[in-house]
Amino acid sequence: MSQTTPGAEDASRGLPPEQLPPVSGPLVGDEPPPPRSNVVIKEILRGNAVTTILAIVLAMIIGGILIAFTDEDVQEAAGYFFARPGDTFAAIWSAVYGGYDALFRGAIFNYRADDFVTQIRPFTNALGFAAPLIAAGLGVALAFRVGLFNIGARGQMLIGAMFAALFTFNLELPMWIHLPLTLLFGILGGALWGGLVGLIKARTGAHEVILTIMLNYVAYYLLLWMVRTPGLLQREGTNQPISEATPETAQFPELLGPSFPQLDWGFVIVILATVLVWWVVERSSLGLRMRAVGENPHAARAAGVSVQRIYIYAMLFAGGLAGLAAMNQVQGSVTTGFTANIDAGIGFDAITVALLGRSRAWGTFVAGILFGVLKAGSFSMQAQGIPVDIVLVVQSLIVLFIAAPPLLRAVFFLPKTDQEKAAKARAKAAKKAVEA
Amino acid sequence: MTALAPAESADGTLKLATVRERHFKVPIVLAAATILLALLFLFVPRDGTSTFRFGGAGLPDAELPTAATSWILVAVLAVLALWSFVDARAYRRPALWLTIVFGVLAVFAFLVWASADGLVPVTSLLFGAVSLSVPLVFGALGGVIGERAGVVNVAIEGQLLLGAFSAALLSSLTHNPFIGLVGAMVGGVLVSFVLAAFSIKYLVDQVIVGVVLNVLVTGLTGFLYGALLVPNETLLNRPVRFDRLEIPLLSDIPIIGPVLFNQTFIVYLMYATVAIVAWALYRTRWGLRLRAVGEHPQAADTVGINVNRTRFWNVSLAGAIAGIGGAYFTLVSVPQFGKEMTAGLGFIALAAVIFGRWDPIRATLAALLFGFATNLQNLLTVLGTPIPSEFMLMLPYVVTIVAVAGFAGQIRGPAAAGKPYIKS
Amino acid sequence: MTLTFRKAAIGGFALLGAAVLLAGCASAPEEGPAASGGEVDVVEGFKPCLISDAGGWNDKSFNQSAKEGMDAALDQLGVEGLELESTSENDYAPNMETAVSEGCTMIVSVGFNLAAATAESALANPDVNYAIIDDYADTDFDGETDAPNIKPLVFNTAEAAYLGGYAAAAWSAESGVNKVGTFGGMQIPSVAVFMDGYQLGVEKYNEDKGASVEVFGWDTTAQKGSFTGGFDANDTAKQTAQGVLDQGVDVLLPVGGPIYQSAAAAITDSGNDVVMLGVDSDLAVADDSVADLTLVSIMKAIDVAVTDAVVSAASGDFDVTPYVGTLENEGVKLSSFHDFESQLPDGLLDELTALQEQIISGDITVESPNSPASN
Amino acid sequence: MKLELRGITKRFGTLVANDHIDLTVRPGEIHALLGENGAGKSTLMNVLYGLYQADEGEILLDDVTQHFRGPGDAMTAGIGMVHQHFMLIPVFTVAENVMLGHESTKGIGALDIAKAREHVRSVAARFGFQIDPDALVGDLPVGVQQRVEIIKALARDAKVLVFDEPTAVLTPQETDELMAIMRQLRDEGTAIVFITHKLREVREVADRITVIRLGKVVGEAEPTATNAELASLMVGRAVELTVSKEAPTIGEGGLEVRDLRVLTPTGQIVVDAVNFDVRPGEVLAVAGVQGNGQTELVEAIVGIAARVEGSIRLNGTELVGQSVKAILDEGVGFVPEDRKVDGLVGDFPISENLILDRSADKAFSRGGTLRRGAMEAFARDRIAEFDIRAQGPATLAGTLSGGNQQKVVIARELSRDLRLLVAAQPTRGVDVGSIEFIHKRIIETRDSGIPVVVVSTELDEVVALADRIAVMYRGAVVGIVPGDTSRETLGLMMAGAADPEVAA
């Protein structure tokens with residue numbers, strides 16, 4: 001059926017609301033954007049666990065293919081494929097198995113280690129890596145629920161780190177005050193940078209995608225300038241573009257003791273943040289207004305909700321969460337001084353984490369842990385000679401596949417020979433896509 | 001504020017009454033710019049002689065006393081700003097020429113100040129601006145076509161990157177830059193295929209697909225670069241570049257000649273592409289249908305145009321054009337592919353699309369402006385201007401933010417851009 | 001219609017996949033490294049490991065040089081090693097941990113960025129030997145390396161760059177242009193030190209000959225100059241090179257990995273008679289496609305230093321005395337002028353030799369704020 | 001050309017939109033397809049036009065079975081359609097719109113604009129009106145836009161012409177002109193399908209009438225049938241066509257609008273010099289053809305409009321310049337014109353939609369946390385009170401039928417403490433049963449002493465509800481007349497005649 005008009009009255013009865021004009025308009029918005037009963041977001045929000053697992057499996061399979069093709073043994077064996085094909089398959093198996101086995105050992109449970117502490121350490125590492133991903137992912141997810149596509153987690157993280165360093169690194173305070181103060185300034189910095197986006201969008205209607213992308217670069221150059229300018233953020237006594245080390249009193253203590261160096265109290269803060277986001281979005285009255293703006297800003301406005309103000313709140317909140325992610329870096333993972341690349345790609349990974357988590361607080365939490373696992377495992381995969389870029393490929397494929405369940409179903413179930421059957425199933429899948 | 005009465009012209013066209021209003025946005029911006037420059041000249045005074053060189057072709061260098069010239073220019077700028085205030089007070093929209101002249105003079109004043117006892121190679125500055133704009137122009141054209149057809153193309157960055165990659169690969173293998181160029185187009189189209197399939201068939205939000213595709217292409221090219229190109233560098237990553245072609249006569253025109261007509265094949269291709277797209281978008285069946293599916297897909301559908309197919313092929317075309325932009329990196333600029341070598345230019349191209357109001361010519365001009373800003377930054381760092389280079393690097397992004405914020409609401413993109421067209 | 005789209009989607013992926021497949025065929029497997037070994041007595045269980053900084057192995061700069069050095073050492077020793085690439089600063093500590101848990105007995109880390117992680121890991125694992133390139137791993141600035149088992153591998157690059165600057169000035173003065181230029185990848189000490197030495201060399205030339213050769217793109221006193229913002233041979237780098245060339249220089253020193261390619265492209269496109277200087281390795285040899293543009297190279301033998309450190313550690317002779325590459329020990333040096341030798345100004349070679357001797361003897365000290373502080 | 005539909009069946013999921021429908025239209029005949037909103041008329045026509053594929057049944061033209069895969073096929077076969085929502089591209093010129101899809105070109109695909117212009121002029125001349133082929137469609141008044149739609153269909157030599165609810169946007173006078181054009185076309189031998197739910201028009205112009213209800217053909221009728229007969233066929237039971245109401249009891253205070261002017265963000269004047277009062281206990285109906293400033297007037301009252309000058313006072317309190325929230329808190333109830341856009345969040349359950357404008361109320365939230373139990377209880381009560389047909393409070397609003405969606409909106413607004421009710425198009429796209437219910441509730445609201453503003457483009461509704469009628473034309477109120485003013489007078493006023501008594 002077509003989008004709105006022909007048969008709109010009939011359609012309004014039993015047909016799904018996907019027919020309404022969807023979300024992202026042209027990239028310069030008038031205020032407010034068209035009502036969003038967005039297919040995508042819906043697809044992402046409503047998809048089920050099976051889709052998610054299939055998407056991960058398929059992405060891993062493609063990752064496996066890439067691993068196999070670049071493995072030297074496989075290439076060698078493929079050279080005489082027709083003479084002894086078994087060798088090739090054996091080589092492929094060992095390359096792919098070796099890779100994913102390394103991933104498992106490096107990220108979840110190292111069954112080769114001697115004692116339990118060492119065996120389980122990889123998983124705590126994965127949780128440590130997950131913490132900033134979850135925090136930044138929550139920021140993106142929350143903005144998403146308000147109908148904003150926040151690509152700016154990177155810039156928000158950078159400014160968060162900048163604020164924390166500028167205002168709290170040279171203070172001498174006891175830990176109980178220094179640590180939370182640093183955290184607070186980090187969150188504040190991120191929130192301001194995010195709030196700036198909300199403000200410009202609310203005031204002028206400029207599209208947040210463009211704004212956040214551009215502000216990422218501005219933040220990067222701003223921080224780069226600061227960390228290489230003496231008197232600002234540059235470490236004293238050096239001319240490297242690096243900041244002072246995080247004061248020990250401002251660092252998160254390790255959560256489970258020195259045997260698990262990657263996992264610190266930052267993770268607990270992130271769990272609290274997850275609970276907070278869940279409560280705000282799903283259970284609070286502010287969250288109801290936020291979701292209303294996200295789903296249909298027109299209706300929200302007509303119901304007395306100040307759409308502009310909600311945009312600003314949401315971006316403040318989102319930026320603050322990105323700032324929290326930055327603090328997980330600065331106060332946890334990278335305490336020896338940071339450069340302008342302190343975001344370490346987390347800002348962008350956050351988008352995929354949020355999408356994978358279907359923009360729900362706990363979904364994002366789980367997705368963040370999955371990405372943390374991939375990250376933690378990438379080190380031992382690399383020790384197997386597998387290039388690290390593979391993780392990036394697998395991550396983006398997961399998100400693409402999740403967004404298109406019909407494709408997944410096609411790949412996994414459809415017989416390719418029976419054209420008619422295929423066509424029928426396709427029609428069904430398409431309808432499901434619309435109705436799901 | 002006075003109102004004009006509603007009027008209906010003879011042909012039945014209804015013109016809504018409009019109130020007359022004073023618009024002070026432009027004058028305020030101009031005044032602010034003037035004051036900023038004046039403050040800069042006041043607090044960071046520079047003395048000496050600023051030299052402007054207009055190519056080698058017989059034109060003498062212009063040597064200007066820095067302080068005097070810059071203050072005279074500030075005075076002229078102040079007059080122009082005042083003029084625009086007067087215009088605005090009289091309910092007139094400030095003339096476009098005034099804004100343009102102001103802009104050129106402001107840049108000139110800044111350059112005079114910055115190049116105290118230095119040399120500004122004007123021809124070379126402009127030449128570099130044109131070169132730097134090439135990927136932006138192609139990327140922006142790809143964006144314009146995609147969005148005019150109703151598909152927001154955030155994947156320009158990915159198209160440029162894969163274009164650059166496949167151009168490098170094919171040109172290295174065949175030692176023929178033209179085959180590399182075709183490869184670049186194929187690379188762009190591949191990205192477009194995925195974008196189009198996911199956004200048109202699977203109704204995935206176009207912005208999301210675009211963003212994820214950029215990540216995917218970054219990962220994929222990074223992976224292939226490490227796994228393929230690096231170990232076999234001489235075989236796979238030594239693309240043959242396009243040579244410069246000097247166009248007789250035209251290239252002898254002072255200043256403009258060497259800037260515009262002593263370029264590589266891709267630049268000439270760019271002139272042709274801009275001209276063709278600008279004409280065809282408004283004057284051909286292809287353009288009419290393209291705009292129809294982007295403005296009002298149902299209307300197009302009801303007259304028998306297959307909306308999704310039209311969108312699909314035009315997004316692919318957009319990818320091919322953006323791909324040519326990618327070829328610039330490895331077939332014109334540097335004979336080697338490098339990881340993430342497009343360095344975010346795809347996003348600048350996207351900004352040019354919006355800055356250029358979805359119009360091929362305007363988008364091209366916007367791309368040229370961004371190219372100029374970037375090249376200006378190069379020059380200023382060489383001249384040793386007291387402003388930290390990071391701030392100059394920020395400039396294009398800040399300009400984009402200001403532009404997007406300033407123009408939003410006044411400009412309108414294709415009505416159906418970003419919306420999937422669903423029919424059973 | 002629907003068919004078209006599914007096909008397109010699958011086709012798109014398939015083609016992307018095919019590209020990979022094609023690759024698999026194109027890069028035929030090389031002969032396995034001829035495990036010669038046995039030339040050196042290798043300590044039982046010796047496993048050297050190398051960890052890059054965020055630049056990655058293919059940075060055509062110090063990471064790559066270090067990797068080449070490590071590869072050479074592995075070949076020579078016939079042992080298995082491990083090379084771990086970092087993609088961000090988050091990766092340094094985990095890579096250190098992976099290296100330790102994979103049983104590495106010697107860990108070489110590349111660059112100042114890894115200093116803190118190296119020190120931390122070294123303190124936690126006193127049995128493992130560490131080496132770090134371009135840094136003293138002195139994160140607390142007490143003038144001592146933070147851990148007793150770290151060997152710094154640093155280079156007094158300014159000395160060689162000084163000779164390079166002198167040669168460049170002589171070349172430019174001879175041609176009557178009297179302008180030389182430089183630009184760098186990022187403004188970090190290991191880059192800027194080249195530019196410092198270069199400028200000091202030019203000044204030395206001016207002083208000795210009463211010439212007035214100008215340097216564009218770097219100012220040692222202000223520590224400001226032209227930088228591309230990265231070590232990629234991309235368009236930004238080319239335009240940066242172009243910007244320097246536009247000032248009319250006829251000698252260009254691009255500092256930082258592959259950005260020399262951007263410089264070469266800019267020089268070729270400009271059509272002017274400009275030469276450039278290579279850095280790190282002998283560029284005219286390393287990349288013959290730019291040999292006709294390369295006047296001379298300022299060499300910094302990271303690879304040799306890594307190989308030597310690993311090989312000596314392999315036989316149990318690990319010592320933590322900092323290695324400082326100088327003109328004296330040929331850790332840094334000026335390459336041969338190759339084909340340009342015949343075109344050089346008269347007496348330049350002798351003057352350079354004399355200068356080199358004066359530096360070695362200490363009569364001339366090349367002082368750069370970016371030189372590694374002597375311990 | 002004779003058109004025949006045999007056994008057309010179209011299903012959407014479990015919903016059968018068309019159930020074995022047969023229909024024959026002969027050349028030179030106007031065949032009216034009558035049915036209420038949601039009866040399946042438009043679905044049927046979209047099947048005919050190739051926009052939908054029928055699940056069963058066939059389409060015959062001159063006794064030849066047709067297989068339409070898209071509108072292109074239908075057009076080639078000679079079917080043209082004048083859509084209810086114009087299928088015109090506002091930023092294109094008339095000529096471009098007319099040529100789209102069958103462009104004549106010269107050279108390398110360049111458009112032959114001259115030929116298209118000529119085409120437009122010649123078709124327009126046939127029907128005796130003038131259209132500038134180079135005018136942008138977006139600049140044209142709706143009546144003219146509809147003519148462009150007709151030209152578009154005729155430019156492709158349509159032998160069967162479908163008019164889908166064509167009079168919804170027209171003044172009575174424009175409607176008359178349209179009827180004339182339809183008759184002229186019929187006399188030239190075109191087969192015409194005329195889809196509508198307006199009984200009067202059917203009787204005026206149709207040669208034959210087919211009535212459909214709930215996707216089935218329920219009967220045929222002659223144009224001589226009475227309104228009551230047609231209405232009961234259409235709805236399936238006897239229909240009360242008028243709303244019973246007592247004479248108003250007018251109170252003091254209420255809404256006072258003075259010198260109201262509304263501007264678009266770009267400075268265009270869409271509402272100008274509007275003055276009126278609404279007293280407690282009366283219904284003021286704002287009549288007028290769609291797009292004459294009613295929407296903006298309502299938006300101004302509720303505080304959504306961007307630029308408003310003048311004064312709107314409710315019981316003495318100035319509303320202009322206040323936020324939407326403050327205005328709602330002042331006791332203004334608002335039933336928006338387009339419930340799907342402004343009224344409801346389709347993805348929210350009924351319970352959340354019902355408290356959308358009071359999410360911070362103590363009744364529904366405590367310490368910032370929503371009281372889900374209270375929300376659900378509230379929703380259950382409203383569902384019962386307003387007869388909302390839904391499974392329960394958790395049903396998503398977007399899945400409800402139009403009538404039930406509208407009832408959710410009305411329930412939300414009427415369950416607050418109101419001092420003014422503004423209802424825009426309260427029954428648009430709503431089934432007859434719900435219309436009766438909604439009208440009854442509006443009158444009850446009036447009778448409880450609340451001033452009510454009803455904006456409607458349906459004269460029937462205006463006449464049924466209004467105590468007084470304000471007619472808007474081009475952003476201005478051309479006159480405020482008593483509720484029993486004749487349709488003819490109202491029609492003239494809707495076309496801009498300021499002094500109806502003289503004009504009438």
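Let me start with chain A, where buried residues make up 65% of the 436 residues; buried means under 20% relative accessible area, exposed over 50%, and partly exposed in between, with a 1.4 Å probe and protein chains only. This is a predicted model, in which local features need pLDDT of at least 70, side-chain atom pairs count only at pLDDT 80 or more, and totals for chains, interfaces and linings use all residues. Residues are numbered from 1 along each chain as its sequence is written, chains are lettered from A and ligands numbered from 1 in the order in which they are written, and side-chain values use heavy atoms, with hydrogens and water left out.

First, confidence in chain A. Its mean pLDDT is 81, and 83% of its residues reach 70 or more; pLDDT is the predictor's confidence in each residue, from 0 to 100. Over residues 1–45 of chain A the pLDDT is below 50, yet this stretch has 171 contacts in the model beyond near neighbours in sequence. A contact here means heavy atoms within 4.5 Å. Residues 414–436 of chain A also stay under 50 in pLDDT, and for them the model has 23 contacts beyond four places in sequence.

Now the secondary structure. Chain A comes to 18 helices and zero strands. Helices (H or I, at least four residues) and strands (E, at least two) are DSSP runs, numbered from the N terminus. An unreviewed UniProt entry lists residues 49–69, 126–146, 183–202, 209–227, 263–281, 310–330 and 386–408 of chain A under "transmembrane region". UniProt positions are given in the numbering used here, feature names are shortened, and annotations may be inferred rather than shown by experiment.

I looked at two of those segments in the model. Residues 183–202 of chain A are 100% helix and 0% strand, with the end C-alpha atoms 28 Å apart. Residues 209–227 of chain A are likewise 100% helix and 0% strand, and there the end C-alpha atoms are 27 Å apart. Among contacts in chain A between residues at least 6 apart in sequence, 71% join residues at least 24 apart.

One backbone detail in chain A: A:A344 has a positive phi of about 50 degrees although it is not a glycine. A:A344 sits in the loop between helix 13 (307–333) and helix 14 (346–356) of chain A. For context, most residues other than glycine have a negative phi. C:H338 is found in the loop between strand 14 (332–334) and helix 11 (348–361) of chain C, and is partly exposed, with a relative accessible area of 32%.

On to how the chains meet. Which of the five pairs of chains in contact share the most contacts? Chains A and B do. No contact joins chain C and chain D, and their closest C-alpha atoms lie 11 Å apart.

Between chain B and chain C, about 3900 Å² is buried, and carbon and sulfur atoms give 60% of that. Buried area is the accessible area (1.4 Å probe) that two parts lose on being put together, summed over both. In chain B, B:L190, B:K201 and B:V382 lose the most area to chain C, together 14% of what that side buries. Chain B itself is divided into domain 1 (25–116) and domain 2 (132–358), with bounds from an automatic or database domain assignment. The centres of those two domains of chain B, taken over C-alpha atoms, are separated by 36 Å.

Last, chain D. The assignment gives domain 1 (3–235), domain 2 (243–331 + 417–503) and domain 3 (346–416). For domain 2 and domain 3 of chain D, the centres over C-alpha atoms are 26 Å apart. Their contact takes 16 residues from domain 2 of chain D and twelve residues from domain 3 of chain D. The area buried between these two domains of chain D is about 1200 Å², 62% of it from carbon and sulfur atoms. On the domain 2 side, D:L328, D:F437 and D:R441 lose the most area to domain 3 of chain D, together 39% of what that side buries.

I will finish with strand 11 (residues 208–213) of chain D. Why is this strand largely enclosed by the rest of the structure? Five of its six residues are buried. Strand 3 (residues 29–34) of chain D pairs with strand 11 in the parallel sense over four bridges; two strands pair if DSSP finds at least two bridges between them. Here D:H31 stands opposite D:R208. Strand 12 (residues 216–221) of chain D runs antiparallel to strand 11, joined by five bridges, and D:R213 has D:K216 as its bridge partner. Strands 11 and 12 of chain D form a hairpin with two residues between them, and D:L214 in the turn has a positive phi of about 50 degrees.
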